[in-house]
Amino acid sequence: MPAGLSAQEKEEKAKKENEYKFFSFNGMGVSADLFGLVYSFIGEYTSAEGALEFNIGNRLYPIAEVGYGWCNHTDEASGIHYKSAAPYYKVGISYNFFTKRENPNPKHYIYGLARFCWSNFKYDLDTPDITDPVWGNATSLHLRDVEGASMWAEVGAGIKVKIAKGFHMGWSIRYKFRITEKNGPNSKIWYIPGYGINKSTCFGGTYSLIYDIPFR
Amino acid sequence: MTSRIAKITSMLIAATCIVICGCDGGYDCSIENTAYNRIGFYNIDSNNLESKYEFPGVLTISMVINGRDSIVVNRIYGTSDLKLPVSYANECDTLTFNYENGAKDTLFVKHENIPYFVSMECGTAMYHRILSVGHTNAYIDSVAIVNDYIDYDYDENIKLYLVQ
């Protein structure tokens, strides 16, 4: 702050700095999702995910997320074994409801989100014997490197809170709905990296640590 | 500010509950656990070839199972359709139609076997694809494969045109 400014000038300058600009580029943030790693303790699959987001006017956050999902599961009841590991990608936008003209730099965020996501992957599948009820013969299925693919969308909401200078922590809940699926000739996809168990809709979440890269 | 956060958080929790309730809970496994070859009878002499034909007599059907002729349909009367098992391992199933008057017809159904993983919950199914159908001509005039894929659907696979 240059010397010689009056109190009124200082106040006007501060006011100008805080003036809300809808399309101002305010910086970038990188984040890591911890939920996917924790989920492996309660679910059948695991994922690790990172994201890069851009801050437009503290309100709009275009975001690109890249993750890696893997599953190596044997069902206790049926004895079927399914294995897959592949990257997945998500692009979309978050909208911060807390940024107002009178409060352009909120410390805490509540936001809505929309994502378009996709993954191309391969999977292995082994089934126990299937016995012919009439002839009595048994046969089984052992598939390797079956190609699958899926696209899906996610909508949801989340919260981010400032935990230290430059750091936020937050969680989000996401409603996922499958748009396309490409199955193998002898099997339906059971697990989609980044999506979860292959159902027409499912529910997911993230718990992220975010570092805000300052722009100015 | 605090009350606003509390209000929005409770709205988020309510939205979450709605979303969870609306989620796809899992697979609806088929009630069927065997894929049958579904055969419909039609009268070649009828004016309407699309209309089903009730075979006017007693019919017994046997199949060659592990080298032995085994009855799979015993003395059925007036039937217009059948659902018959398909071998998981053989490439061709042989069906013998034994008519009441001692006449016989044989149907040879050549097929491909397709093991298919449905889901962890529903397990693995065995589907089939009909490649060709051969037959003798005592009462069978001709056959038509109308749906070559045999799965859990109730769709007819083969039309059997019989002489009166």
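1. In this predicted model, strand E2 (residues 45-56) of chain A and strand E3 (residues 60-74) of chain A pair in the antiparallel sense, and the pairing runs over 10 bridges. Within that pairing, Glu49(A) stands opposite Gly67(A) in E3(A). E2(A) and E3(A) together form a hairpin that leaves three residues between the strands, and Gly57(A), which lies in the turn, has a positive phi of about 60°.

2. E2(A) also pairs with strand E1 (residues 25-33) of chain A, to which it is joined by eight bridges, again in the antiparallel sense. Here Gly29(A) is the residue that stands opposite Glu53(A) in E2(A). E2(A) therefore has E1(A) as one pairing partner under the criterion of at least two bridges, and E3(A) is another strand with which E2(A) pairs.

3. For chain A as a whole, the count is two helices and 12 strands, and read along the sequence they follow the pattern α-β-α-β-β-β-β-β-β-β-β-β-β-β. Of the 216 residues of chain A, 45% count as buried. Among contacts in this chain between residues at least 6 apart in sequence, 63% join residues that are at least 24 apart.

4. In chain B, six strands form an open sheet with antiparallel pairing, in the order E3-E2-E5-E6-E7-E9. Strand E3 (68-77) and strand E9 (149-150) of chain B stand at the edges, and because each has a single partner strand, one side of each is left without a neighbour in the sheet. Inside that order, strand E5 (residues 92-99) of chain B pairs with E6(B) over seven bridges in the antiparallel sense, and Thr94(B) is found opposite Phe108(B) in E6(B).

5. How many residues of chain B are in contact with chain A? There are 39 of them, and they are in contact with 38 residues of chain A. The two chains bury about 3300 Å² between them, with 71% of that area on carbon and sulfur atoms. Between chain B and chain A the count of salt bridges is zero, whereas five residue pairs are in polar contact, with both residues at pLDDT 80 or more.

6. On the side of chain B that touches chain A, helix H1 (2-22), strand E2 (58-65), strand E6 (104-119) and strand E7 (123-135) of chain B each supply at least two residues. H1(B) gives the largest share, nine residues. By residue class, this side of chain B divides into 23 nonpolar, 12 polar and four charged residues.

7. One residue of chain B deserves a separate point. Ser87(B) is found in the loop between strand E4 (81-84) and E5 of chain B. Is Ser87(B) buried or exposed? It counts as buried because its relative accessibility is 0%, and the cut-off for that class is under 20%. The side chain of Ser87(B) reaches the backbone nitrogen of Asn90(B) at 2.8 Å. Leaving aside neighbours within four places in sequence, Ser87(B) is in contact with residues of chain A, namely Asp132(A) and Trp135(A), and with Asp93(B), His111(B), Asn113(B) and His128(B) of chain B.

Terms used
Residues numbered from 1 in each chain as written. Chains lettered and ligands numbered in written order. Predicted model: local features only at pLDDT ≥ 70, side-chain atom pairs only at ≥ 80, totals over all residues. Heavy atoms only, no water. Contact = heavy atoms within 4.5 Å. Buried area = accessible area lost by both parts, 1.4 Å probe. Salt bridge = Lys/Arg side-chain N within 4 Å of Asp/Glu carboxyl O. Polar contact = N/O pair within 3.5 Å; in protein donor to acceptor, adjacent residues only side chain to side chain. Helix = DSSP H or I, 4+ residues; strand = E, 2+ residues; numbered from the N terminus. Nonpolar A, V, L, I, M, F, W, Y, C, P; charged D, E, K, R; others polar. Buried < 20%, exposed > 50% of the residue type's maximum accessible area, 1.4 Å probe, protein only.
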